[in-house]
Amino acid sequence: MPFTVADKKELLEQEAHRLYGLLGYVSRIQAKKWTYADCLQIAPYTLSIRQIKKEQNAVILAHSYTVPELVLGVADFSGDSYALSLKAKDISAEKIIFAGVWFMAETAKILNPAKQVLIPAGKAGCSLADAITAEEVRALKKEYPQVPVLCYINSSAEVKAECDVCVTSGNVFDIAQRLPSKELIFVPDLLMAKNIELELVRRGTPKKIIAAGGSCCVHEQYTVADVEKLRSAYPDIVVICHPECHAEVCAVCDYVGSTQGMQDYVARSTAKTFGMLTEQGLVNRLEAAFADKQFIWPFGTCRYMKQNTLENTFQALLEPQPEQVVSLPESVIEGAKKSLQKMFELSK
Ligand code: SF4
(Lines give C-alpha, C1' and ligand atoms only; values in the text may rest on other atoms or scores of the structure.)
Protein backbone atom coordinates (compact mmCIF):
# COMPACT_ATOMS: atom_id res chain seq x y z
CA MET A 1 0.00 0.00 0.00
CA PRO A 2 1.84 3.18 -1.15
CA PHE A 3 1.18 5.42 1.85
CA THR A 4 2.68 8.84 1.78
CA VAL A 5 2.58 9.04 5.56
CA ALA A 6 5.37 7.14 7.25
CA ASP A 7 3.75 4.41 9.28
CA LYS A 8 4.81 5.93 12.55
CA LYS A 9 3.13 4.16 15.42
CA GLU A 10 2.39 7.36 17.31
CA LEU A 11 0.74 9.08 14.35
CA LEU A 12 -1.43 6.06 13.64
CA GLU A 13 -2.50 5.79 17.25
CA GLN A 14 -3.45 9.47 17.34
CA GLU A 15 -5.48 8.99 14.18
CA ALA A 16 -7.15 5.86 15.58
CA HIS A 17 -8.16 7.83 18.69
CA ARG A 18 -9.60 10.61 16.52
CA LEU A 19 -11.56 8.05 14.49
CA TYR A 20 -12.78 6.19 17.55
CA GLY A 21 -14.16 9.48 18.93
CA LEU A 22 -16.18 9.84 15.70
CA LEU A 23 -17.08 6.23 14.92
CA GLY A 24 -17.38 4.71 18.39
CA TYR A 25 -21.18 5.16 18.49
CA VAL A 26 -21.75 3.86 14.99
CA SER A 27 -23.13 0.38 14.25
CA ARG A 28 -21.54 -1.87 11.70
CA ILE A 29 -23.28 -4.87 10.18
CA GLN A 30 -25.22 -6.94 12.77
CA ALA A 31 -25.30 -4.01 15.18
CA LYS A 32 -21.60 -4.42 16.05
CA LYS A 33 -20.11 -1.05 17.03
CA TRP A 34 -16.79 0.24 15.76
CA THR A 35 -13.91 -0.65 18.08
CA TYR A 36 -10.57 1.06 18.62
CA ALA A 37 -8.92 -1.89 16.83
CA ASP A 38 -11.17 -1.31 13.77
CA CYS A 39 -10.13 2.36 13.80
CA LEU A 40 -6.43 1.49 14.07
CA GLN A 41 -6.85 -0.72 11.02
CA ILE A 42 -8.23 2.07 8.81
CA ALA A 43 -5.98 4.82 10.25
CA PRO A 44 -3.25 4.45 7.56
CA TYR A 45 -5.86 5.17 4.88
CA THR A 46 -7.64 8.08 6.58
CA LEU A 47 -4.33 9.68 7.54
CA SER A 48 -2.96 9.37 3.99
CA ILE A 49 -6.18 10.61 2.37
CA ARG A 50 -6.31 13.65 4.64
CA GLN A 51 -2.70 14.48 3.89
CA ILE A 52 -2.96 14.00 0.10
CA LYS A 53 -6.15 16.03 -0.23
CA LYS A 54 -4.41 18.93 1.51
CA GLU A 55 -1.38 18.66 -0.80
CA GLN A 56 -3.62 18.49 -3.88
CA ASN A 57 -6.03 21.23 -2.75
CA ALA A 58 -8.90 18.76 -2.98
CA VAL A 59 -12.22 18.69 -1.14
CA ILE A 60 -14.11 15.50 -0.30
CA LEU A 61 -17.89 15.57 -0.43
CA ALA A 62 -19.58 12.41 0.86
CA HIS A 63 -23.24 11.54 0.66
CA SER A 64 -24.72 10.40 3.99
CA TYR A 65 -25.44 6.97 2.50
CA THR A 66 -21.78 6.16 1.87
CA VAL A 67 -19.79 4.26 4.52
CA PRO A 68 -19.25 6.03 7.88
CA GLU A 69 -15.46 5.81 7.65
CA LEU A 70 -15.72 8.15 4.63
CA VAL A 71 -18.49 10.38 5.99
CA LEU A 72 -17.01 10.80 9.45
CA GLY A 73 -13.38 9.90 8.82
CA VAL A 74 -12.28 11.94 5.79
CA ALA A 75 -15.11 14.02 4.29
CA ASP A 76 -14.95 17.80 4.40
CA PHE A 77 -18.70 17.98 3.92
CA SER A 78 -21.44 15.40 4.01
CA GLY A 79 -25.18 15.54 3.54
CA ASP A 80 -27.94 14.77 1.07
CA SER A 81 -28.00 15.52 -2.66
CA TYR A 82 -29.33 19.05 -2.20
CA ALA A 83 -26.88 20.05 0.54
CA LEU A 84 -23.96 18.64 -1.44
CA SER A 85 -24.96 20.38 -4.67
CA LEU A 86 -25.17 23.69 -2.81
CA LYS A 87 -21.72 23.02 -1.42
CA ALA A 88 -20.27 21.90 -4.79
CA LYS A 89 -21.40 25.16 -6.39
CA ASP A 90 -19.13 27.26 -4.16
CA ILE A 91 -16.03 25.11 -3.84
CA SER A 92 -12.86 27.01 -4.65
CA ALA A 93 -10.45 24.07 -4.23
CA GLU A 94 -9.01 22.65 -7.45
CA LYS A 95 -10.39 19.14 -7.12
CA ILE A 96 -13.68 17.70 -5.89
CA ILE A 97 -13.78 14.06 -4.77
CA PHE A 98 -17.43 13.10 -4.73
CA ALA A 99 -18.15 9.97 -2.71
CA GLY A 100 -21.64 9.16 -3.93
CA VAL A 101 -23.18 7.88 -7.14
CA TRP A 102 -22.55 9.00 -10.69
CA PHE A 103 -25.46 11.43 -11.09
CA MET A 104 -24.34 13.28 -7.95
CA ALA A 105 -20.78 13.69 -9.20
CA GLU A 106 -22.26 14.90 -12.51
CA THR A 107 -24.28 17.49 -10.59
CA ALA A 108 -21.10 18.77 -8.94
CA LYS A 109 -19.48 19.07 -12.39
CA ILE A 110 -22.51 20.89 -13.83
CA LEU A 111 -22.48 23.41 -10.98
CA ASN A 112 -18.72 23.90 -10.89
CA PRO A 113 -17.45 22.88 -14.36
CA ALA A 114 -13.97 24.37 -14.02
CA LYS A 115 -13.07 21.86 -11.30
CA GLN A 116 -11.81 18.35 -11.74
CA VAL A 117 -14.54 16.10 -10.31
CA LEU A 118 -13.64 12.54 -9.36
CA ILE A 119 -15.87 9.76 -8.07
CA PRO A 120 -14.12 6.94 -6.18
CA ALA A 121 -16.83 4.39 -7.08
CA GLY A 122 -16.43 5.05 -10.82
CA LYS A 123 -19.67 4.77 -12.76
CA ALA A 124 -21.74 3.80 -9.68
CA GLY A 125 -25.36 3.80 -10.80
CA CYS A 126 -28.67 4.37 -9.06
CA SER A 127 -31.88 2.42 -9.69
CA LEU A 128 -33.75 5.72 -10.07
CA ALA A 129 -31.31 7.61 -12.26
CA ASP A 130 -30.99 4.53 -14.47
CA ALA A 131 -34.77 4.22 -14.86
CA ILE A 132 -35.18 6.84 -17.60
CA THR A 133 -33.21 8.17 -20.56
CA ALA A 134 -33.14 11.63 -22.13
CA GLU A 135 -34.77 10.11 -25.22
CA GLU A 136 -37.73 8.91 -23.14
CA VAL A 137 -38.11 12.38 -21.62
CA ARG A 138 -38.12 13.90 -25.13
CA ALA A 139 -40.91 11.47 -26.08
CA LEU A 140 -42.96 12.56 -23.03
CA LYS A 141 -42.47 16.22 -23.94
CA LYS A 142 -43.72 15.47 -27.43
CA GLU A 143 -46.79 13.73 -26.05
CA TYR A 144 -47.57 16.51 -23.52
CA PRO A 145 -46.12 19.63 -25.17
CA GLN A 146 -47.48 22.25 -22.75
CA VAL A 147 -46.78 20.40 -19.51
CA PRO A 148 -43.78 21.48 -17.38
CA VAL A 149 -41.24 18.71 -16.73
CA LEU A 150 -39.86 18.21 -13.23
CA CYS A 151 -36.99 15.85 -12.65
CA TYR A 152 -35.86 14.51 -9.34
CA ILE A 153 -32.18 15.30 -8.74
CA ASN A 154 -31.61 11.52 -8.89
CA SER A 155 -31.39 11.62 -12.68
CA SER A 156 -28.60 11.76 -15.25
CA ALA A 157 -27.19 15.05 -16.54
CA GLU A 158 -28.75 14.32 -19.96
CA VAL A 159 -32.19 13.90 -18.36
CA LYS A 160 -31.76 17.09 -16.31
CA ALA A 161 -30.88 18.93 -19.52
CA GLU A 162 -34.29 17.96 -20.98
CA CYS A 163 -36.29 19.16 -17.95
CA ASP A 164 -37.63 22.54 -16.86
CA VAL A 165 -36.84 22.27 -13.19
CA CYS A 166 -34.93 19.90 -11.00
CA VAL A 167 -36.22 19.05 -7.51
CA THR A 168 -35.01 17.22 -4.42
CA SER A 169 -36.94 15.27 -1.80
CA GLY A 170 -36.69 18.37 0.41
CA ASN A 171 -38.28 20.86 -2.00
CA VAL A 172 -40.34 18.73 -4.41
CA PHE A 173 -43.74 19.36 -2.77
CA ASP A 174 -43.26 23.14 -2.54
CA ILE A 175 -41.96 23.47 -6.09
CA ALA A 176 -44.72 21.26 -7.53
CA GLN A 177 -47.25 23.43 -5.70
CA ARG A 178 -45.70 26.72 -6.83
CA LEU A 179 -45.72 25.90 -10.54
CA PRO A 180 -48.89 27.38 -12.07
CA SER A 181 -49.71 24.41 -14.32
CA LYS A 182 -52.51 21.97 -13.35
CA GLU A 183 -50.53 19.10 -14.86
CA LEU A 184 -46.88 18.18 -14.31
CA ILE A 185 -44.58 15.57 -15.77
CA PHE A 186 -42.40 14.03 -13.06
CA VAL A 187 -39.44 11.68 -13.62
CA PRO A 188 -37.91 9.25 -12.66
CA ASP A 189 -39.50 8.20 -9.32
CA LEU A 190 -42.94 6.60 -9.66
CA LEU A 191 -43.42 6.27 -5.88
CA MET A 192 -42.51 9.88 -5.20
CA ALA A 193 -44.85 10.92 -8.02
CA LYS A 194 -47.73 9.29 -6.13
CA ASN A 195 -46.62 11.05 -2.93
CA ILE A 196 -46.57 14.41 -4.74
CA GLU A 197 -50.09 13.86 -6.02
CA LEU A 198 -51.37 13.01 -2.52
CA GLU A 199 -49.51 15.86 -0.84
CA LEU A 200 -50.91 18.40 -3.32
CA VAL A 201 -54.43 17.10 -2.61
CA ARG A 202 -53.73 17.51 1.14
CA ARG A 203 -52.59 21.09 0.50
CA GLY A 204 -55.76 21.86 -1.44
CA THR A 205 -53.89 22.37 -4.74
CA PRO A 206 -54.46 19.10 -6.64
CA LYS A 207 -52.55 18.48 -9.87
CA LYS A 208 -52.33 15.64 -12.32
CA ILE A 209 -48.87 14.06 -12.21
CA ILE A 210 -47.75 12.30 -15.37
CA ALA A 211 -45.00 9.99 -14.14
CA ALA A 212 -42.38 7.80 -15.76
CA GLY A 213 -39.32 5.95 -14.51
CA GLY A 214 -38.76 3.48 -11.68
CA SER A 215 -38.08 3.44 -7.96
CA CYS A 216 -35.31 3.49 -5.38
CA CYS A 217 -34.27 -0.10 -4.72
CA VAL A 218 -33.72 0.74 -1.03
CA HIS A 219 -36.86 2.69 -0.13
CA GLU A 220 -39.27 0.66 -2.27
CA GLN A 221 -38.68 -2.36 -0.01
CA TYR A 222 -40.43 -1.04 3.11
CA THR A 223 -43.96 -2.20 3.82
CA VAL A 224 -46.77 -1.33 6.21
CA ALA A 225 -45.98 -4.64 7.97
CA ASP A 226 -42.45 -3.34 8.73
CA VAL A 227 -43.95 -0.28 10.42
CA GLU A 228 -46.38 -2.45 12.43
CA LYS A 229 -43.53 -4.74 13.52
CA LEU A 230 -41.52 -1.76 14.79
CA ARG A 231 -44.52 -0.37 16.66
CA SER A 232 -45.28 -3.65 18.37
CA ALA A 233 -41.64 -4.22 19.41
CA TYR A 234 -41.13 -0.63 20.65
CA PRO A 235 -44.40 0.92 21.85
CA ASP A 236 -42.98 4.49 22.10
CA ILE A 237 -41.20 4.40 18.76
CA VAL A 238 -41.45 7.27 16.28
CA VAL A 239 -41.24 5.90 12.73
CA ILE A 240 -39.80 8.04 9.98
CA CYS A 241 -39.41 7.42 6.26
CA HIS A 242 -38.44 9.02 2.97
CA PRO A 243 -40.85 10.15 0.21
CA GLU A 244 -39.22 7.54 -2.07
CA CYS A 245 -41.25 4.95 -0.07
CA HIS A 246 -44.68 3.64 -1.08
CA ALA A 247 -47.55 6.05 -0.30
CA GLU A 248 -49.23 3.53 2.01
CA VAL A 249 -46.01 3.28 4.07
CA CYS A 250 -45.71 7.09 4.25
CA ALA A 251 -49.34 7.22 5.43
CA VAL A 252 -48.61 5.18 8.57
CA CYS A 253 -45.29 6.84 9.51
CA ASP A 254 -44.98 9.71 12.01
CA TYR A 255 -42.72 11.77 9.75
CA VAL A 256 -41.94 11.69 6.03
CA GLY A 257 -39.06 13.78 4.77
CA SER A 258 -35.78 14.17 2.96
CA THR A 259 -32.51 12.97 4.45
CA GLN A 260 -31.87 16.45 5.85
CA GLY A 261 -35.50 16.70 6.96
CA MET A 262 -35.14 13.46 8.94
CA GLN A 263 -31.99 14.73 10.66
CA ASP A 264 -33.72 17.99 11.61
CA TYR A 265 -36.80 16.09 12.81
CA VAL A 266 -34.70 13.83 15.10
CA ALA A 267 -32.84 16.90 16.43
CA ARG A 268 -36.04 18.69 17.48
CA SER A 269 -38.00 15.63 18.61
CA THR A 270 -38.21 14.75 22.31
CA ALA A 271 -38.70 11.05 21.42
CA LYS A 272 -35.96 8.62 22.46
CA THR A 273 -36.49 5.76 19.99
CA PHE A 274 -36.76 6.13 16.22
CA GLY A 275 -37.64 3.54 13.60
CA MET A 276 -35.63 4.37 10.51
CA LEU A 277 -37.07 3.29 7.15
CA THR A 278 -34.11 4.54 5.18
CA GLU A 279 -30.56 3.80 4.14
CA GLN A 280 -28.12 2.57 6.77
CA GLY A 281 -25.66 5.45 6.22
CA LEU A 282 -28.10 8.04 7.52
CA VAL A 283 -28.79 5.87 10.57
CA ASN A 284 -25.02 5.73 11.22
CA ARG A 285 -24.78 9.52 11.05
CA LEU A 286 -27.64 9.91 13.50
CA GLU A 287 -26.09 7.37 15.88
CA ALA A 288 -22.89 9.42 15.89
CA ALA A 289 -24.73 12.73 16.34
CA PHE A 290 -27.34 11.68 18.93
CA ALA A 291 -25.73 9.23 21.33
CA ASP A 292 -28.65 9.64 23.79
CA LYS A 293 -31.23 8.37 21.25
CA GLN A 294 -31.87 4.87 19.96
CA PHE A 295 -32.22 4.16 16.25
CA ILE A 296 -33.90 0.96 15.09
CA TRP A 297 -33.06 0.17 11.52
CA PRO A 298 -34.82 -2.88 10.03
CA PHE A 299 -32.72 -3.14 6.83
CA GLY A 300 -31.84 -1.18 3.68
CA THR A 301 -28.40 -0.52 2.21
CA CYS A 302 -27.67 1.06 -1.14
CA ARG A 303 -25.35 -1.22 -3.05
CA TYR A 304 -24.31 1.68 -5.29
CA MET A 305 -23.34 4.10 -2.53
CA LYS A 306 -21.39 1.43 -0.68
CA GLN A 307 -19.08 1.06 -3.68
CA ASN A 308 -17.19 4.10 -2.36
CA THR A 309 -14.47 2.97 0.02
CA LEU A 310 -11.39 4.41 1.72
CA GLU A 311 -9.30 2.32 -0.66
CA ASN A 312 -10.78 3.67 -3.91
CA THR A 313 -10.88 7.22 -2.50
CA PHE A 314 -7.16 6.95 -1.81
CA GLN A 315 -6.56 5.52 -5.27
CA ALA A 316 -8.73 8.18 -7.01
CA LEU A 317 -6.67 10.91 -5.36
CA LEU A 318 -3.37 9.35 -6.38
CA GLU A 319 -4.06 7.79 -9.77
CA PRO A 320 -7.59 8.52 -11.03
CA GLN A 321 -8.83 6.02 -13.60
CA PRO A 322 -10.79 7.27 -16.67
CA GLU A 323 -14.10 5.92 -15.26
CA GLN A 324 -13.56 7.98 -12.09
CA VAL A 325 -13.22 11.30 -13.93
CA VAL A 326 -16.49 13.11 -14.61
CA SER A 327 -16.66 14.79 -17.98
CA LEU A 328 -19.76 16.08 -19.75
CA PRO A 329 -20.42 17.79 -23.09
CA GLU A 330 -20.79 21.58 -22.84
CA SER A 331 -24.36 21.48 -24.19
CA VAL A 332 -25.44 19.00 -21.47
CA ILE A 333 -23.81 21.13 -18.76
CA GLU A 334 -25.63 24.22 -20.02
CA GLY A 335 -29.03 22.51 -20.26
CA ALA A 336 -28.78 20.74 -16.91
CA LYS A 337 -27.53 23.89 -15.20
CA LYS A 338 -30.72 25.71 -16.21
CA SER A 339 -32.94 23.11 -14.48
CA LEU A 340 -30.76 23.21 -11.35
CA GLN A 341 -30.69 27.00 -11.28
CA LYS A 342 -34.46 27.06 -11.61
CA MET A 343 -34.61 24.81 -8.53
CA PHE A 344 -32.36 27.13 -6.51
CA GLU A 345 -34.50 30.09 -7.61
CA LEU A 346 -37.78 28.38 -6.66
CA SER A 347 -36.37 27.14 -3.33
CA LYS A 348 -35.69 30.65 -2.02
S1 SF4 B 1 -30.46 4.98 -2.14
FE2 SF4 B 1 -31.84 4.69 -3.86
S3 SF4 B 1 -32.01 6.72 -4.82
FE4 SF4 B 1 -30.20 6.76 -3.46
S5 SF4 B 1 -28.49 6.21 -4.82
FE6 SF4 B 1 -29.22 4.30 -3.87
S7 SF4 B 1 -30.69 3.48 -5.38
FE8 SF4 B 1 -30.36 5.62 -5.89
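Trainee: Hi! Which domains is the chain divided into?
Mentor: Hello! Domain 1 covers 9-124 + 305-324, domain 2 covers 129-216, and domain 3 covers 219-296. Keep in mind that the model is predicted.

Trainee: What separates the centres of domain 2 and domain 3?
Mentor: Taken over C-alpha atoms, those two centres are separated by 25 Å. Domain 2 puts 11 residues into the contact, and domain 3 puts in 12 residues.

Trainee: And by class, what does the side of domain 2 that touches domain 3 have?
Mentor: That side of domain 2 has four nonpolar, five polar and two charged residues.

Trainee: Let's move to the ligand. Which residues come nearest?
Mentor: C126, S127, C216, V218 and C302 come nearest, out of 13 residues around the ligand. By class, the shell has 10 nonpolar, two polar and one charged residues.

Trainee: Sheets next. What is the order of the strands in the one with β1?
Mentor: The order is β2-β1-β3-β4, in an open sheet of four strands with parallel pairing. β2 and β4 (116-118) are at the edges and have a single partner strand each, so one side of each is left without a neighbour in the sheet. From one strand to the next, the twist averages 20 degrees.

Trainee: How many bridges join β1 to β3, and how many join β1 to β2?
Mentor: β1 and β3 (residues 95-99) are joined by five bridges and run parallel. One place to look is L61, which stands opposite F98 in β3. Between β1 and β2 (residues 77-79) there are three bridges, again with parallel strands. There, H63 stands opposite G79 in β2.

Trainee: What about β3 and β4, how many bridges there?
Mentor: Three bridges, in the parallel sense. I96 stands opposite V117 in β4.

Trainee: Back to β1: how many of its residues are buried?
Mentor: Six of the six residues in β1 (residues 58-63) are buried. In a regular strand, side chains alternate between the two faces of the sheet. For β1, A58, I60 and A62 are on one side, V59, L61 and H63 are on the other, and all are buried.

Trainee: Is N57 buried or exposed?
Mentor: N57 counts as exposed, because it has 10 C-beta neighbours inside 10 Å, and the cut-off for exposed is 12 or fewer.

Trainee: Where is the cis peptide bond?
Mentor: The cis peptide bond joins V187 and P188, with omega about -5 degrees. Most peptide bonds are trans. P188 is found in the loop between β7 (183-187) and α9 (190-202).

Trainee: And the sheet with β9, what is its order?
Mentor: The order is β10-β9-β11-β12, an open sheet of four strands with parallel pairing. β10 (255-256) and β12 (294-296) stand at the edges with a single partner strand each, so one side of each is left without a neighbour in the sheet. Two bridges pair β9 (residues 238-241) with β10 in the parallel sense, and the bridge partner of I240 in β10 is Y255.

Trainee: Last one: which residues is V325 in contact with, leaving aside its neighbours within four places in sequence?
Mentor: V325 is in contact with L118 and P320 on that basis. V325 sits in the loop between α14 (310-318) and α15 (330-347). With 15 C-beta neighbours inside 10 Å, V325 counts as partly exposed. The C-alpha atoms of V325 and T107 are separated by 13 Å, and the two residues are 218 residues apart along the chain.

Terms used. Residues numbered from 1 in each chain as written. Predicted model: local features only at pLDDT ≥ 70, side-chain atom pairs only at ≥ 80, totals over all residues. Buried ≥ 20, exposed ≤ 12 C-beta atoms within 10 Å, placed from the backbone. Pairing = 2+ DSSP bridges. Axes fitted to C-alpha atoms, helices over the stretch in contact; angles between N-to-C directions. Near = placed C-beta within 6 Å. Nonpolar A, V, L, I, M, F, W, Y, C, P; charged D, E, K, R; others polar. Domains from an automatic or database assignment. Contact = placed C-beta atoms within 7 Å.
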